Amino acid sequence: MRKMAIDGYIVEVDYSDLKAVCAEMQKIGTNINQIAKRVNNTNIVFKSDMAIIDASVKEIWNLLRLSLSAFLKEGISKG
């Protein structure tokens with residue numbers, strides 16, 4: 001803090017993309033726990049459960065691609 005006050009600059013970091021990825025990871029974790037409980041109770045795996053996991057993982061990859069793309073664009077524009 002002292003260095004920033006003396007030098008007169010503040011670096012602001014946008015964590016919104018990271019927060020979105022963390023939220024999606026939390027949703028996937030919840031879904032997987034629910035599916036695991038059902039599988040443990042019934043010994044049956046449903047296609048719909050696997051579809052939920054597949055869609056969630058795809059959403060995370062999309063968010064990561066968007067985040068990386070934004071990061072690279074920002075780096076190039078400052079570079």
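These are my notebook entries on helix α2 and the residues around it.

I worked from a predicted model, in which local features need pLDDT of at least 70 and side-chain atom pairs count only at pLDDT 80 or more, while totals for chains, interfaces and linings use all residues. Residues are numbered from 1 along each chain as its sequence is written, and side-chain values use heavy atoms, with hydrogens and water left out.

Entry on burial. I listed the buried residues of α2 (under 20% relative accessible area, with a 1.4 Å probe and protein chains only) as Val-21, Glu-24, Ile-28 and Ile-35. I then checked Glu-24, which has a relative accessible area of 16%, and noted that it touches Glu-59, Ile-60 and Leu-63 (heavy atoms within 4.5 Å), not counting residues up to four places away in sequence.

Entry on the end of the helix. I saw that α2 is followed by Asn-43, which lies in the loop between α2 (16-42) and α3 (47-78) and has a positive phi of about 60° although it is not a glycine. I recorded Asn-43 as exposed (over 50%), with a relative accessible area of 69%.

Entry on the other side. I placed Val-13 in the loop between α1 (2-7) and α2.

Key: Helix = DSSP H or I, 4+ residues; strand = E, 2+ residues; numbered from the N terminus. Expected span 1.5 Å × (residues − 1).
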